[in-house]
Amino acid sequence: MKIDSWVQSTFIFYIGLIFVCYFLSTSLVSVKFKINTWRLENVSVIFPLLILLCVKGFALCGVDLIGGYKYNFESAMSMKKFRDQTVEIGFRFINVVVKHFTSNYAIFVFIVALLTIIPVYYILRKHRDCINVPIAILMYSAVFFLPGISLVRIYLASSICMLSFDALFEKKYMKAVGLVFIASTIHITAIVMLVPCLFFVLKVNRKLFTVALLAAIAVLYAGRGAISSFLSGRYVVYSVSNEITLGTEWVWFYLPLVLLYFYVMKALRQASPEQITLESIRLFNYSSIWILIGVFFSLAQYAFNIFGRLVAYTLPLMIFVASGLNILKLSNRKKYNFVLLLTVGYIVLRFVIYITGYYMSDGIMPYINCFGWEI
């Protein structure tokens, strides 16, 4: 079977994985386990993420995962002997540390998968009372999980940046900036997450922020040739696009989120103060900034391909959608079910757009794991 061919059984497996995680999260919301003095809570978060951890941690497919990452790990006897010295120092360090304990590449892949999913678990567990947990699980598994099977570094960096988002929410700005720099040692593109840090630190007006992002897009388009000359090494492949043709991806990805934002804001104006906690409203407002950042990435990718991959850093949109649905559930239960249905449809649409557009370039069909199972 060709690794770059469409595999219907894999597509069904991925769809099944997404909805199994969603339904598990839905059915386990109020479930708790207690054995003597030991208690296991947050089951609705733990079980779905454990399934995703196994799928990602045992994977042995994906263009990058079975290519460069594997060869680099085999050479990771020391920082100096590492095969590709252009790889960021933080990720090289992880390779070298794991290599000193084991030469088993499958174990390395599992450890990186664990490091990627732990921040997601931490955020969902911490804010579980302010979000719709099943929707958060659904959006993570459908939008942000599968690309990370192959694009290991950028999705690990994205998870670390998720901790930066949480630090911004707590107004711990130095911690947020520090976490962005740590993420940039895994994938240098994470440095772009300093932009939301500056937004919150400087308390920039949202309209001004929107204008600034539009101006940045104009600069990218106008100076694409000059900027491209600074790209070297592994990033040359992401240089200037041959033609500038605006697609509709940004409309499908972000217009529904804009509509959700205004709909929830309207519901908040009509809700009683005691219905919604201040923390829920703040979480919704903080995460909504990533809609603008996502639109910026989506439009900028038509000048520079690399921005198309930076969608990984819009992970806080998972919290935006989940907190918005939670607010609607508390303020207007009648309209909540309809919006919930639309949201599920939106998330499935994003999955379909990704899988049909990137299954070949990411090499995630068929799904193969380290045990030799092929789906």
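Student: How many cavities of 30 Å³ or more does the count come to here?
Tutor: The count comes to 4 cavities of 30 Å³ or more. Keep in mind that this is a predicted model.

Student: And what volume does the largest cavity have?
Tutor: About 240 Å³ for the largest cavity.

Student: Nice. Which residues lie nearest its centre, that of the largest cavity?
Tutor: Phe 253, Gly 308, Val 311, Tyr 354 and Tyr 358 lie nearest the centre, out of 19 residues that line the largest cavity.

Student: How many of the lining residues are nonpolar, polar and charged?
Tutor: The lining of the largest cavity has 12 nonpolar residues, along with 4 polar and 3 charged ones.

Student: You mentioned H14. Where is Ala 300 placed, and is Ala 300 buried or exposed?
Tutor: Ala 300 sits in helix H14. Ala 300 is buried, and its relative accessible area is 0%.

Student: What is Ala 300 in contact with, leaving aside neighbours within four places in sequence?
Tutor: Leu 220 and Phe 307, once those sequence neighbours are left aside. There is also Ile 217: its C-alpha atom is separated from that of Ala 300 by 5.9 Å, although the two residues are 83 residues apart along the chain.

Student: Changing topic: how many disulfides does a search of the whole structure find?
Tutor: The search finds 0 disulfides. Take Cys 61, which is in no disulfide; the nearest cysteine sulfur belongs to Cys 370 and is 11 Å away.

Student: Last topic, helix H8. What span should its 18 residues have?
Tutor: At 1.5 Å a residue, helix H8 (residues 152-169) should span 26 Å. The end C-alpha atoms of H8 are 26 Å apart, so the two values agree.

Student: How many residues of H8 are buried?
Tutor: 17 of the 18, so H8 is largely enclosed by the rest of the structure.

Definitions and conventions: Residues are numbered from 1 along each chain as its sequence is written. This is a predicted model: local features need pLDDT of at least 70, side-chain atom pairs count only at pLDDT 80 or more; totals for chains, interfaces and linings use all residues. Side-chain values use heavy atoms; hydrogens and water are left out. Helices (H or I, at least four residues) and strands (E, at least two) are DSSP runs, numbered from the N terminus. The expected span of a helix is 1.5 Å times one less than its number of residues. Buried means under 20% relative accessible area, exposed over 50%, partly exposed in between (1.4 Å probe, protein chains only). On a 1 Å grid over the protein atoms alone, a cavity is a set of points where a 1.4 Å probe fits but cannot get out, and a pocket is an open set with protein on both sides within 12 Å along at least five of seven lines; lining residues have an atom within 4 Å of a point. Grid points are joined across faces, edges and corners, and a volume is the space filled by probe spheres set on the points. Ala, Val, Leu, Ile, Met, Phe, Trp, Tyr, Cys and Pro count as nonpolar, Asp, Glu, Lys and Arg as charged, and the others, Gly among them, as polar. A disulfide is a pair of cysteine sulfur atoms within 2.5 Å. Contact means heavy atoms within 4.5 Å.
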